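Okay, thanks for coming, everyone.

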Amino acid sequence: MIRGWCPGALQPMESGDGWVVRIRPPGGRLDAAQAQAIADAAQTHGNGVIELTGRANLQLRGVTPATHAPLIAALRPHGLIDPDIATETRRNILVTPFADAAADALAADLAAALAASDLALPAKFGFAVDTGPAPVLTRDPADIRIEAGPTLRADGMDRAAPYHGPQDALALARWFLDRGGAPDGRGRMAALTARLRPPGATLPAPRPAPPRQLGPHPQGLLVALEFGQITPDTLRRLGRLAPLRLTPWRMLLVEGVRHLPALEGLILDPRDPRNRLRACPGAPACPQGRAATRPLARALAPLIPPDAVLHVSGCAKGCGWPRAADLTLTATPEGFDLIRHGRAHDPAALRGLHPDQLPKVL
């Protein structure tokens, strides 16, 4: 089943372990009070599982119809809840974790403009604020990209237009709708720009930066999370140490620090084999999962070369890693299919493998 939308805080999504509630921290930032509030809400109103998503949001699992309203009430005073579902849906903005004050202000202006607009965009339609010497979010999901210059670029294009303010981003979004980019309420910009060129795109797009690695950066320390999960206690402790910036890479940027204590679930070593893994929650957390995924991925990690990625998917949707991986294992009713250099739904090289066979096959 492809639902075609992502959960929010006000519009949760039912899963195998309860409701999934997705929190979109403004600007992708958390201060100590916000981190504490989210950790407490996960424990009090959910099952304690907190996940960092591929859109740099945090989602809480195991929420119930009875605990949803108290959870929203607990988070609203901390500026983590939008006034209504429509505003929440439009405020789909991915901000570079290396943002400076100007980029943060640009993202805030865009959020305010989207909140005041009447744009009926698809639920997965999003914006990226990726200013800086070189964009770092080019491989991450966004339909309209604000990059160095600043410039405005429709996803899928290698040319950009000058960016003068949020009205330019909203105008490009209206162009997408007016040109039939979402005929049934769904659609993405790259599919439209594959056949139509947006107006004013005359500037060369900036060259992307190489993928960011774990460790120190000028803005702070990048740390990874196993499968993108963080425990409430670790989130609280990190929030007390420094402000946090969320990334779409299963990593957090801990601002202004160079060293951290060993905390549960944090990956500090770039050589850690868990860095090679991608996996969705799988069964039973996801009702569409055909098998448990993460215990299998963890067991197979030592067999994967240091520069390769193993993706274990509970079904052919591939939510845990929508891009191609060096090796993908997709659970089916007959076992696991193995795909080389592809995505979870691509043609398999081997089919119906039993988990016991996988170490030898890999």
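**Starting from helix H5**

So, which residues of H5 are buried? They are Pro-166, Asp-168, Ala-169, Leu-170, Leu-172, Ala-173, Trp-175 and Phe-176. Before I go on, please keep in mind that this is a predicted model.

Okay, H5 itself. The helix runs over residues 166–178, so to speak 13 residues, and from first C-alpha to last it reaches 18 Å, close to the 18 Å expected at 1.5 Å a residue. Just past the end of H5 you'll find Gly-180, with a positive phi of about 80°.

The axes of H4 and H5 come within 9 Å and cross at roughly 50°. An angle between 35 and 65 degrees counts as oblique, so H4 and H5 are oblique to each other. On the H4 side, the contact is made by Asp-109, Leu-110, Ala-113 and Leu-114, and on the H5 side by Pro-166, Ala-169 and Leu-170. As for handedness, H4 passes H5 in a right-handed crossing.

Now another helix pair. H1 (residues 32–45) and H7 (residues 232–241) have axes that come within 8 Å and cross at roughly 170°. That makes H1 roughly antiparallel to H7, since the cut-off for that is over 145 degrees. Who meets whom? From H1 we have Ala-32, Ala-35, Gln-36, Ile-38, Ala-39, Asp-40, Ala-42 and Gln-43, and from H7 it's Pro-232, Leu-235, Arg-236, Gly-239 and Arg-240.

Okay, on to a couple of loops. Ala-142 sits in the loop between E7 and E8. Is Ala-142 buried or exposed? Buried, because its relative accessible area is 1%, and the cut-off is under 20%. Leaving aside neighbours within four places in sequence, Ala-142 is in contact with Gly-126, Phe-127, Ala-128, Asp-155 and Arg-188. Take Phe-127: Ala-142 and Phe-127 are 15 residues apart in sequence, yet 5.1 Å apart in space, C-alpha to C-alpha.

Last stop, Asp-272, in the loop between strand E17 (266–267) and strand E18 (277–279). Asp-272 has a relative accessible area of 16%, so this one is buried as well. Its side chain makes a polar contact with the side chain of Arg-274, at 2.8 Å.

That's my tour, so over to you.

Methods
Residues are numbered from 1 along each chain as its sequence is written. This is a predicted model: local features need pLDDT of at least 70, side-chain atom pairs count only at pLDDT 80 or more; totals for chains, interfaces and linings use all residues. Side-chain values use heavy atoms; hydrogens and water are left out. Helices (H or I, at least four residues) and strands (E, at least two) are DSSP runs, numbered from the N terminus. The expected span of a helix is 1.5 Å times one less than its number of residues. Buried means under 20% relative accessible area, exposed over 50%, partly exposed in between (1.4 Å probe, protein chains only). A polar contact is a pair of N or O atoms within 3.5 Å; within protein, one must be able to donate a hydrogen and the other to accept it, and residues adjacent in sequence count only if both atoms are side-chain atoms. Contact means heavy atoms within 4.5 Å. Axes are lines fitted to C-alpha atoms, for helices over the stretch in contact, and angles run from 0 to 180 degrees between N-to-C directions. Angles under 35 degrees count as roughly parallel, over 145 as roughly antiparallel, 65 to 115 as roughly perpendicular and the rest as oblique. A crossing is left-handed if the near helix is turned anticlockwise from the far one by less than a right angle, and right-handed if clockwise.
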